[in-house]
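Good morning, and thank you for coming. I would ask you to look at the sequence and the model on the screen while I speak.

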Amino acid sequence: MYKMLLQLFYVIVGLLCGYLMIHWLPPVTPFHFTHFITELIFNPLRSFLAMACFLIGFLANAAVIRTIMAGIVLWLRRKQVRWGEWLISCCGMSGSFYWLFQAEAKLTVLFFIFSFIYGMISLDFYRSHSYKRSL
């Protein structure tokens, strides 16, 4: 139960940080490099907050993606998977990225790519038995 709530917390933090990042960054459609850089320079607080939200959000989403991928690996190896935690992670990530994609497609794709790559890098296939114990 504790791990399910933790995964739900990660999903909510990732969604909130993704939304705030999209809201605080300058518009990227249509993308004009000079306008984008000028907005970043002349609004340093918004730029810093957007970058901090990007960092926190992609780390939270990477933790959820790691749980999803670890669950898939355990299922393929015919080991025990906590389906409730896995289902909350999958549905939460799908809904989160769908909603963010509706707000701003380009930034959401960038956000997802960073989250996915970091989540896959942090996945440890050799210690999958510790995943089972930590659930």
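In which helix is Tyr-10 found? Tyr-10 is found in helix H1. A helix here is a DSSP run of H or I with at least four residues, a strand is a run of E with at least two, and both are numbered from the N terminus.

Before I go on, a word on the source. This is a predicted model, in which local features need pLDDT of at least 70 and side-chain atom pairs count only at pLDDT 80 or more, while totals for chains, interfaces and linings use all residues. Residues are numbered from 1 along each chain as its sequence is written, and side-chain values use heavy atoms, with hydrogens and water left out.

Let us consider confidence. The pLDDT is the predictor's confidence in each residue, from 0 to 100. Its mean over the chain is 87, and 92% of the residues reach 70 or more. Confidence is highest in H1, at a mean of 93, and lowest in helix H6, residues 128–134, at 53. Where pLDDT is low, the predicted coordinates should not be read in detail.

Now the overall picture. The chain has six helices and zero strands, and along the sequence its pattern is α-α-α-α-α-α. Its C-alpha atoms fill a box of roughly 55 × 25 × 25 Å, taken along the principal axes. Of the 135 residues, 36% are buried; buried means under 20% relative accessible area, exposed means over 50%, and partly exposed lies in between, with a 1.4 Å probe and protein chains only. The accessible surface comes to about 8500 Å², and 73% of that area belongs to carbon and sulfur atoms. Such areas come from the Shrake-Rupley method with a 1.4 Å probe, and for residues only the protein chains shown count as cover.

A contact means heavy atoms within 4.5 Å. Among the contacts with a separation of 6 or more, 77% join residues 24 or more positions apart.

Leaving aside neighbours within four places in sequence, Tyr-10 is in contact with Ala-60, Asn-61, Ala-63 and Val-64. Val-73 is 63 residues from Tyr-10 along the chain, and their C-alpha atoms are separated by 21 Å.

Next, the interior. A nonpolar core is a set of buried Ala, Val, Leu, Ile, Met, Phe, Trp, Tyr and Cys residues joined through side-chain atoms within 4.5 Å. The largest one has 21 residues, and those with the most contacts inside it are Met-21, Leu-25, Met-93, Leu-107 and Phe-111. Two or more residues each come from helix H1 (2–24), helix H2 (33–42), helix H3 (44–76), helix H4 (83–103) and H5. H3 gives the largest share of this core, seven residues. Beyond its neighbours within four places in sequence, Leu-107 is in contact with Met-21, Ile-22, Leu-25 and Val-28.

Is Ala-50 buried or exposed? Ala-50 counts as buried because its relative accessible area is 1%. This residue lies in helix H3 and, leaving aside neighbours within four places, is in contact with Met-21, Trp-24 and Leu-25. Ala-50 and Leu-20 are 30 residues apart in sequence, yet 6.7 Å apart in space, C-alpha to C-alpha.

Ser-115 counts as buried because its relative accessibility is 0%. Not counting residues up to four places away, Ser-115 touches Phe-58, Asn-61, Ala-62, Ile-65 and Phe-97.

Finally, the surface. Phe-101, Val-109, Phe-112, Ile-113, Phe-116, Ile-117 and Ile-121 form a nonpolar patch with about 630 Å² of accessible area together. Patches are made of residues with over 30% relative accessible area and no salt bridge, with like charges joined within 9 Å and nonpolar side chains (Val, Leu, Ile, Met, Phe, Trp, Tyr) within 5 Å. A salt bridge is a side-chain nitrogen of Lys or Arg within 4 Å of a carboxyl oxygen of Asp or Glu. Helix H5, residues 105–121, gives the most to the patch, with six residues. One of the patch residues, Phe-112, is partly exposed, at 36% relative accessible area.

Arg-78 has its place in the loop between H3 and H4 and is exposed, at 72%. Its phi is near 60°, a positive value in a residue other than glycine.
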